[in-house]
Amino acid sequence: QHHSPSVSIKRLIRWSGQDLIFPFYHAIQGSKKLPHIQQLYTPRNEQQFRADLDCLLQHFTPIGLTDLLDHLQNGKKLPRPAFHLSFDDG
C-alpha cells in the first residue's frame with residue numbers, strides 16, 4: 001500500500017537542511033525465514049524494499065563509499081540531495 005506523505009520530501013529536505021542521508025537495512029525478508037530477528041521486528045520484504053529504493057531514487061542521488069569518503073576527507077562536492085545505502089547484518 002502506497003500513500004503520499006502530508007509534507008513532500010523536497011520540503012522536508014529544505015526545512016531540515018539535511019540533503020545527505022544514510023538509510024540502512026539489517027535484512028530483507030525473502031522466502032527464507034529469519035528467526036534471529038523475528039521477535040525483534042518485521043523486516044522489509046523484497047517488494048517493500050524495491051518500493052523504498054524507487055522512492056529514494058526519485059528524490060536522491062545514490063553515492064558510493066568512495067564518493068562519501070572523498071567528500072569527508074577531501075571536501076569533494078556531492079550531488080545534492082544524495083544518499084548512501086548500507087546493510088548492517090550484525
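Q: How many nonpolar, polar and charged residues does the lining of the second largest pocket have?
A: This is a predicted model: local features need pLDDT of at least 70, side-chain atom pairs count only at pLDDT 80 or more, and totals for chains, interfaces and linings use all residues. Ala, Val, Leu, Ile, Met, Phe, Trp, Tyr, Cys and Pro count as nonpolar, Asp, Glu, Lys and Arg as charged, and the others, Gly among them, as polar. Among the lining residues are Ile-9, Ser-16, Gln-18, Asp-52 and Phe-60. By class, the lining has nine nonpolar, two polar and one charged residues.

Q: Which element gives the largest share of the lining of the second largest pocket?
A: Residues are numbered from 1 along each chain as its sequence is written, and side-chain values use heavy atoms, without hydrogens and water. A pocket is an open set of 1 Å grid points where a 1.4 Å probe fits, with protein on both sides within 12 Å along at least five of seven lines; lining residues have an atom within 4 Å of a point. Two elements give two or more residues to this lining: α1 (9–16) and α3 (46–59). The largest share, four residues, comes from α1.

Q: What volume does the second largest pocket have?
A: Grid points are joined across faces, edges and corners, and the volume is the space filled by probe spheres set on them. For the second largest pocket, that gives about 200 Å³.

Q: Does Gln-29 count as buried or exposed?
A: Gln-29 lies in strand β3 (residues 28–29). Gln-29 touches Leu-34, Gln-38, Pro-43, Arg-44, Asn-45 and Glu-46 (heavy atoms within 4.5 Å), not counting residues up to four places away in sequence. Buried means under 20% relative accessible area, exposed over 50%, partly exposed in between (1.4 Å probe, protein chains only). Gln-29 is at 15%, so this residue counts as buried.

Q: In what order do the three strands form an open sheet?
A: Strands are DSSP runs of E, at least two residues; helices are runs of H or I, at least four. Two strands pair if DSSP finds at least two bridges between them. β1 (20–21) and β5 (61–62) are the edge strands, each pairing on one side only. The pairing is parallel, and the order is β1-β6-β5.

Q: How far apart in space are Thr-61 and Asp-89, C-alpha to C-alpha?
A: In sequence, Thr-61 and Asp-89 are 28 residues apart. In space, C-alpha to C-alpha, the distance is 24 Å.
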